[in-house]
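This report goes through a structure one topic at a time. The sequence and the coordinates come first.

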Amino acid sequence: MAQIAASGGTKGKFRPVSMSAKEYKAFAKAHEPSRPVGKNVLRAFVTGGMICALGQGIQQLFVTFADMSPRQASNPTTAVLILISVILTGMGVYDKFAQWAGAGSAVPVTGFANSMASAAIEHRSEGLVLGTGVNMFKLAGSVIVFGVVAAFVIGMIHAILDLWRGG
Amino acid sequence: MRAVTQNLMQFLWAFLVGGGICVLGQLLLDVARLTPAHTMSLLVVVGAVLDGLGWYEPLIEFAGAGATVPITSFGNALVHGALTELETNGWIGVITGIFEVTSAGISAAIIFSFLAALVVRPKG
């Protein structure tokens, strides 16, 4: 934003010596290494699928040994996956795995836990309150904010539709 | 034997559907060039909208953990809590119900992350 504002300020009398924002964007795009989309997608599919299959396995353990319905078992399953993810993050393994797996490691709930645990650990040196406490939701925060706002809007739409139908 | 096949099919569908949602995330990153934060936020909103339309629950019935493990299920659970309380408690339920279902995931993530920060020294 700052660059755009600065180049905007030179309009009129001076010809800008540096590139305009638009030129810069085209220049940067031409020099950006192309992404191996096919390879990334395949990796995301396999790793993401494996994490979900692992979740399915844990869920069935809860169903078999704790007498839960599959629906009841999904909450403790999430907690176990989060625990595994936080332990692997603490050992420094998850972040290496994430570089390879891309969205396959980020989209499952384990990625959500990884973003919180790595921020919590990384900022520990700034103190438990100002470091860990303040930074834990640095990345996970936007997911929660937009999830809650979306849920509120959708809930209100349903409430209004109910009213409209005379429910 | 039949139960075993059925069981294996559950794993297969969890793998395929869960992998498919991750592919969607990867395409948002690589093709749409969104940042990871934008991608995750968008997927949560997608899950919320799908539940608002009543389409996410059938997906969970069908794919099990393939639908409950990806972050889209977080949006689904937020909406689900809101709509359930809306039915029982009226309008205020939209606010009071939002975190009803998701509490396990968020609590676990906060507690385990905090404990990890106490125990682990950052590397690098």
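How many residues does α4(A) have, and what distance does α4(A) reach from its first C-alpha to its last?

## Helix α4 of chain A

α4(A) has 21 residues and reaches 30 Å from first to last C-alpha, close to the 30 Å expected at 1.5 Å a residue. The expected span of a helix is 1.5 Å times one less than its number of residues. Helices (H or I, at least four residues) and strands (E, at least two) are DSSP runs, numbered from the N terminus. A kink of about 25 degrees in α4(A) is centred on A:Pro76; the bend at a residue is the angle between axes fitted to the seven residues ending there and the seven starting there. After α4(A) comes A:Gly92, with a positive phi near 80 degrees.

The buried residues of α4(A) include A:Ala73, A:Thr77, A:Leu81, A:Ile82 and A:Val86. A residue is buried if 20 or more other C-beta atoms lie within 10 Å of its own, exposed if 12 or fewer, and partly exposed in between, with C-beta atoms placed from the backbone. Within chain A, the buried residues of α4(A) pack against α3, α5 (93–101) and α7. In chain B, their partners are α4 (65–68) and α7 (103–119).

## Model and numbering

This is a predicted model, in which local features need pLDDT of at least 70 and side-chain atom pairs count only at pLDDT 80 or more, while totals for chains, interfaces and linings use all residues. Residues are numbered from 1 along each chain as its sequence is written, and chains are lettered from A and ligands numbered from 1 in the order in which they are written.

## Chain A overall

Chain A contains nine helices and zero strands. Of its 167 residues, 38% are buried. Among contacts in chain A between residues at least 6 apart in sequence, 49% join residues at least 24 apart. Two residues are in contact if their C-beta atoms, placed from the backbone, lie within 7 Å.

A:Ala98 lies in helix α5 of chain A and counts as buried because it has 21 C-beta neighbours inside 10 Å. Leaving aside neighbours within four places in sequence, A:Ala98 is in contact with A:Ser105, A:Ala106 and A:Asn114.

## Interface between chains A and B

In the interface, 62 residues of chain A are in contact with 56 residues of chain B. On the chain A side, the elements that give two or more residues are α3 (37–65), α4 (70–90), α6 (103–106), α7 (109–122) and α9 (140–164). α3(A) gives the most, with 15 residues. This side divides into 38 nonpolar, 21 polar and three charged residues. Ala, Val, Leu, Ile, Met, Phe, Trp, Tyr, Cys and Pro count as nonpolar, Asp, Glu, Lys and Arg as charged, and the others, Gly among them, as polar.

## Nonpolar core

The largest nonpolar core has 73 residues. Such a core is a set of buried Ala, Val, Leu, Ile, Met, Phe, Trp, Tyr and Cys residues joined through C-beta atoms within 7 Å. The largest share of this core, nine residues, comes from α1(B).

Among the residues with the most contacts inside the core are A:Met116 and B:Ile71. Not counting residues up to four places away in sequence, B:Ile71 touches A:Val107, A:Val109, A:Phe112, A:Val143, B:Met40, B:Leu43 and B:Val44.

## Positive phi in loops

Most residues other than glycine have a negative phi. A:Asp67, in the loop between α3 and α4 of chain A, has a positive phi near 60 degrees. A:Asp67 counts as exposed because it has 9 C-beta neighbours inside 10 Å.

B:Arg33 has a positive phi of about 55 degrees and is placed in the loop between α1 (2–30) and α2 (36–52) of chain B. B:Arg33 is exposed, with 11 other C-beta atoms within 10 Å.
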